[in-house]
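Keep the structure open as you read.

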Amino acid sequence: MSRGRRASAQAALALGALGVVFGDIGTSPLYTVQTLFSPSDPHPVRVSQASIFGVISLIFWSVTIIVTVTYVLLVMRADNDGEGGIMALIALIRRRALPGGRQAELVLAALGIFGASLFFGDSMITPAISVLSAVEGVKVAAPSVAGLVIPITVTIIVILFMVQRLGTGAVGRMFGPVMGVWFTVLALLGIRGIAAHPVILRALSPSYAVSFLAGHFGTAFFSLTAVVLAVTGAEALYADMGHFGRSPVRRAWLLVVFPACILNYLGQGALILGNRASISNPFFLLAPGWARLAMVFLATAATVIASQAVISGAYSVAHQAGRLGYLPRLRIQYTSEEMMGQIYVPWINWLLLAAVLTLVLAFRTAAALAYAYGTAVTGTITITTLLFFYYARHQWRWPLWAVLTGGGALLVIDLLFFAANLTKLVHGAWLPLLIGLIAFTVFITWQHGRELVTARRAQAEGPLTEFIRQLHARKPPLHRVPGTAVFLNRGKATAPLALRANVEHNEILHEHVLILSVETAPVPHVPAGERLKIDDLGYEQDRIAHVTARFGYMDQTDVPALMRLIHEADLEIPLHDDRLSYFVSRIELVQGHAPGMSRWRKRLFIATSRITADAAESLRLPRDRTVIMGSRIEL
């Protein structure tokens, strides 16, 4: 590729990243400064020249340290074959043999899973606070319809979630240009405010943030609960790195998003310096009167895009958690033939819709929701920082002094934000923590229960080699019916329950038998050349073979397509569609007295198993040629 075409492709990726990656953090100027000075805040910041300079300086340096330094310059370097996000970081830790053994790996993975759990709290609050804060602009632009804020917000949110099943391919092409306009307007409005009171530029000096913290620590400490709103969405830079690449995301942040947001924050600070009454809604008041209604429409479009990004992120986290064994296999719909990453998860979609509507109707204002927002974000950021520096120390061999000084300083800042947000537990901060704890409990319960069920299932299935030996020695031999049977199984060690049932109850065996095990590797994608591992199990004698198919946690599992790949691998077994049947074992779980898990966790595990997607659908098996055979396992 020529240098010009490469530059053009990078620019296109950066434009796309504006919409998908930066929607959340790019709409933070809508409510951050307003929340800081809100009189309804349990610990409001009194409006004075010193406090204005102090909080704007805190915003600038918080965004610089947490987003630019922690994520853009450091954390984004830890990619799992190009994929990012806290789930990718967990997979990296599980993939490498790091010091501390199995116990250290489990503790770090548990921390990462808790961080991913907190993301679900974020994904519920973001659409509610973003859309609500945009629609609240009508109170400034058209006060006569201020009473319609909640109905308009609810309508937009319902429509947003209803269209998810259609996919975001067509809308996605508009995201970048719309957000390009949004960031341009952010910068222009900020410059307009700065031009009126250029003295606000002094807030870029860290001395104002330090003096505010040192001289008014109580006020400054509590203000961190609102300052953190400026960095919400920072984790999206890392999570969406795999869609666009590290370089386009970094360029979009450093050249467009970061300058635009900071200019707008400075402009809002300048506006409040000139007119302290503007704390009621400094973002919309920064715009000239004739443009405010248009700003409401633009802000609404931007917040819908921000919501779309975090909703898609929730789908991806749930999908990855399922592939890594922390959730059951959920029903996934792929909404784009060109981009496999565009998925729709119905169960997650309707859960999010119910939660978002509940939040809007319960809190009713963006300022009230802001009290609940920061805890999930700061918790995820803190855990990501900790996991990154552990990985950098043991995988990249960073010197201990660099890890302790750099990592220690960043962790102190993260923990300071987290501690500040904990002070608002009674004002709503309990909500994302509760959501995170519930999600975390479901994750670890499913993982542990799955291990127990796998062990019980292995006992019921028995060794595969012994089963084949018995088949070979059977007198008289089993009747072999024409065609090829593909039995889905969890591994090569045991005989599939469906195969054993077919032999013991039907006393038949197909002319050709293929036992297929599908494994998920702790990498995003597995190349086609490394997909298959074939064991013919002495195929010429019993006409039974075993194939292990490896997929990455971001790969789409398509078994019929896999048959073509197996056929090309010189395995002499007929795999023609018209003579091919698939056999799947369905497990019915019942609560019993088996050891290994408490009764309440057994009930939770069995309840969670009921949302498991149909295996035939998730593996893309043809319905007319798939046989499902059931068995029961006591937990």
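## One side of helix 21

A residue counts as buried when its relative accessible area is under 20%. Keep in mind that this is a predicted model. With that cut-off in hand, take a look at helix 21, which covers residues 464-473. Its buried residues are Leu-464, Phe-467, Ile-468 and Leu-471. Around the axis they span an arc of only 95 degrees, so they sit on the same side of helix 21.

## Where helices 16 and 17 cross

Two packed helices are described by the angle between their axes and the distance between the axes. Now try that on helix 16 (residues 292-323) and helix 17 (residues 346-363): their axes come within 10 Å and cross at roughly 135 degrees. Helix 16 and helix 17 are therefore oblique to each other, and helix 16 passes helix 17 in a right-handed crossing.

Which residues meet there? From helix 16 come Ile-311, Ala-314, Tyr-315 and Ala-318, and they meet Ile-348, Asn-349 and Leu-352 of helix 17. Sort the residues of this contact by type and you get six nonpolar, one polar and no charged.

## A serine inside helix 4

Next stop: Ser-62, which you'll find in helix 4 (residues 49-74). Is Ser-62 buried or exposed? With a relative accessible area of 7%, Ser-62 is buried, since the cut-off for buried is under 20%.

And what does Ser-62 touch? Leaving out residues up to four places away in sequence, Ser-62 touches Val-67, Val-227, Val-231 and Phe-417.

Methods:
Residues numbered from 1 in each chain as written. Predicted model: local features only at pLDDT ≥ 70, side-chain atom pairs only at ≥ 80, totals over all residues. Heavy atoms only, no water. Axes fitted to C-alpha atoms, helices over the stretch in contact; angles between N-to-C directions. Helix = DSSP H or I, 4+ residues; strand = E, 2+ residues; numbered from the N terminus. Parallel < 35°, antiparallel > 145°, perpendicular 65-115°, else oblique. Left-handed = near helix turned anticlockwise from the far one by under 90°. Contact = heavy atoms within 4.5 Å. Nonpolar A, V, L, I, M, F, W, Y, C, P; charged D, E, K, R; others polar. Buried < 20%, exposed > 50% of the residue type's maximum accessible area, 1.4 Å probe, protein only. Arc of directions from axis to C-beta.
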